Amino acid sequence: MLTKVLVGAVRLQRNTINCIVTDYLKLTSCQLSNIAHHSMTRPKVFVTRAGLPEAGLKLLQDECDVDIWEKTNPIPKSELMARIKNVDGVLCLLTDKIDDEVLNAAGSKLKVIATMSVGVDHLDLKAIKSRNIPIGYTPGVLTDATAELTMALLLATSRRLIEANRAIYKGEWVSWSPTWMTGGKLSGSNIGIVGLGRIGLRVAEYLKGFGVAKILYTSRTEKPAATAIGAVHVDLDTLLRTSDFVIVTTALVPETKELFRKETFEKMKNTAIFINVSRGEVVHQPSLIEALKNNKIRAAGLDVMTPEPIPLDSELLKLDNCVITPHLGSASIETRAEMCVISAKNVLAVLHNKPEEMPAKYNY
Ligand SMILES: O=C(O)C(=O)CO
């Protein structure tokens with residue numbers, strides 16, 4: 001009886017051990033195959049800059065093997081070409097030129113390019129299109145932020161805020177004075193918006209609240225939303241000759257490159273204020289410097305210039321009638337976070353084989 005019990009107990013123990021071993025082996029092989037499967041199928045994504053907002057980055061990291069350029073300054077082209085090799089997707093910034101050479105370096109696995117910007121002038125559209133690669137971008141989310149920055153430049157230039165602020169530190173504020181640091185005002189003035197799109201329209205809406213006299217705009221077609229707020233579609237010459245403030249919000253495309261040059265500034269009023277929140281290359285900068293120095297126009301407010309960052313010995317930095325900001329149009333905390341989330345979703349939609357679900361696909 002005792003022997004039977006002992007044999008039974010040993011069998012039971014063996015069975016239990018067998019079960020445990022079998023289960024363990026099953027589990028580990030399953031886990032192993034999971035790991036293998038996982039690393040085989042997780043797409044590779046390259047992010048061209050360190051320090052992107054966490055929320056967007058996390059979305060990518062949850063599903064992809066993400067390689068990030070470790071510095072907070074733009075990636076040199078040679079590094080970009082090395083790091084982009086064999087990736088499935090790239091999340092880039094407006095400082096990264098993606099041209100034929102970079103695309104060749106990436107190779108045939110590259111399925112999507114998502115730029116964390118509304119501007120796409122840094123992308124070689126022809127080369128990307130010839131490879132059938134969808135482009136994601138971030139329109140819409142930065143409209144308010146950029147329009148607000150435009151308002152800041154309009155007020156800073158017309159009311160000479162930076163110049164006046166510097167004057168205090170230089171000990172030049174002697175007393176309240178009837179004409180010292182006087183400038184123009186927005187109310188009652190004529191506004192010209194060159195290349196009215198989402199941002200230009202939002203600026204026009206804000207300006208209505210300032211009681212401006214007229215809002216004129218140029219764009220390829222008349223915009224019903226602009227007409228609805230009383231803005232008038234005109235040709236560029238009419239806009240230049242009539243406007244007290246000329247605001248550039250156009251995209252940089254071959255037709256707008258150096259649209260503002262000597263002849264353009266000559267058509268403007270000599271009391272006009274020029275604002276650029278688009279791209280520096282829309283302006284022939286030496287002509288702008290000349291116009292500002294010789295009072296052919298009154299002032300300029302620039303969020304963009306050539307090159308960026310502007311060299312510290314640039315003539316532009318020596319001019320009291322020029323207000324410069326370091327390309328801050330979209331630089332609100334919320335906006336930049338949203339831009340990053342949209343960019344990540346643009347990448348993921350394509351990697352999930354659902355390009356139609358990209359939050360913002362660039363049509364080209
Ligand atoms: O998104 C862009 O294109 C910008 O210029 C951001 O400021």
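Which handedness, left or right, does the crossing of α6 and α8 have? The crossing of α6 and α8 is right-handed. This is a predicted model, and its chain is divided into domain 1 (44-139 + 334-362) and domain 2 (161-320).

**Domains and record entries**

- Domain 1 is made of two stretches, 44-139 and 334-362, while domain 2 covers 161-320.
- The centres of domain 1 and domain 2, taken over C-alpha atoms, are 32 Å apart.
- An unreviewed UniProt entry lists residues 51-356 as "domain: D-isomer specific 2-hydroxyacid dehydrogenase catalytic". Helix makes up 37% of the chain over residues 51-356 and strand 13%, and 29 Å separate the end C-alpha atoms.
- The feature "domain: D-isomer specific 2-hydroxyacid dehydrogenase NAD-binding" is placed by UniProt, in an unreviewed entry, at residues 151-329. Over residues 151-329 the chain is 31% helix and 15% strand, with the end C-alpha atoms 11 Å apart.

**The five-stranded sheet**

- Five strands form an open sheet with parallel pairing, in the order β2-β1-β3-β4-β5. At its edges are β2 (65-68) and β5 (135-136), each of which pairs on one side only.
- Between strand β1 (residues 44-47) and strand β3 (residues 89-92) there are three bridges, in the parallel sense. Opposite V47 stands L91 in β3.
- Helix α2 (residues 54-63) packs on this sheet and touches β1, β2 and β3. The direction of α2 makes about 135 degrees with that of β2.
- Helix α13 (residues 333-351) also packs on the sheet, where it touches β1, β3, β4 (112-115) and β5. The direction of α13 makes about 170 degrees with that of β4.

**Helices α2 and α13**

- The axes of α2 and α13 are 7 Å apart, and the two helices pack at an angle of about 25 degrees. Because angles under 35 degrees count as roughly parallel, α2 is roughly parallel to α13.
- The crossing of α2 and α13 is right-handed.
- On the α2 side, the residues in contact are A55, G56, L57, L59, L60 and E63. They meet C340, V341, A344, K345, V347 and L348 in α13.

**The seven-stranded sheet**

- A second open sheet has seven strands in the order β8-β7-β6-β9-β10-β11-β12, with parallel pairing. The edges are held by β8 (232-233) and β12 (322-324); each has a single partner strand, so one side of each is left without a neighbour in the sheet.
- Strand β7 (residues 214-218) pairs with β8 in the parallel sense over two bridges. In this pair, L216 stands opposite V232 in β8.
- Helix α8 (residues 198-208) lies across β6 (190-194), β7 and β9 (245-248). The helix runs at about 170 degrees to β6.
- Helix α12 (residues 285-293) packs on the sheet as well, touching β10 (273-276), β11 (299-302) and β12. Its direction makes about 140 degrees with that of β11.

**Helices α6 and α8**

- Helix α6 (residues 143-158) packs with α8 at an angle of about 55 degrees, and their axes are 9 Å apart. That angle makes α6 oblique to α8.
- The residues of α6 in the contact are T143, D144, T146, A147, E148, T150, M151 and L154. Those of α8 are R198, I199, R202, V203, Y206 and L207.

**Local backbone features**

- Most residues other than glycine have a negative phi, and most peptide bonds are trans.
- T306 and P307 are joined by a cis peptide bond, with omega of about -10 degrees. P307 is located in the loop between β11 and β12.
- Another cis peptide bond joins E308 and P309, where omega is about -5 degrees. P309 lies in the loop between β11 and β12.
- R160 is not a glycine, yet has a positive phi of about 55 degrees. R160 sits in the loop between α6 and α7 (161-169).

How values were computed
Residues are numbered from 1 along each chain as its sequence is written. This is a predicted model: local features need pLDDT of at least 70, side-chain atom pairs count only at pLDDT 80 or more; totals for chains, interfaces and linings use all residues. Side-chain values use heavy atoms; hydrogens and water are left out. Two strands pair if DSSP finds at least two bridges between them. Helices (H or I, at least four residues) and strands (E, at least two) are DSSP runs, numbered from the N terminus. Contact means heavy atoms within 4.5 Å. Axes are lines fitted to C-alpha atoms, for helices over the stretch in contact, and angles run from 0 to 180 degrees between N-to-C directions. Domain bounds come from an automatic or database domain assignment. UniProt positions are given in the numbering used here, feature names are shortened, and annotations may be inferred rather than shown by experiment. Angles under 35 degrees count as roughly parallel, over 145 as roughly antiparallel, 65 to 115 as roughly perpendicular and the rest as oblique. A crossing is left-handed if the near helix is turned anticlockwise from the far one by less than a right angle, and right-handed if clockwise.
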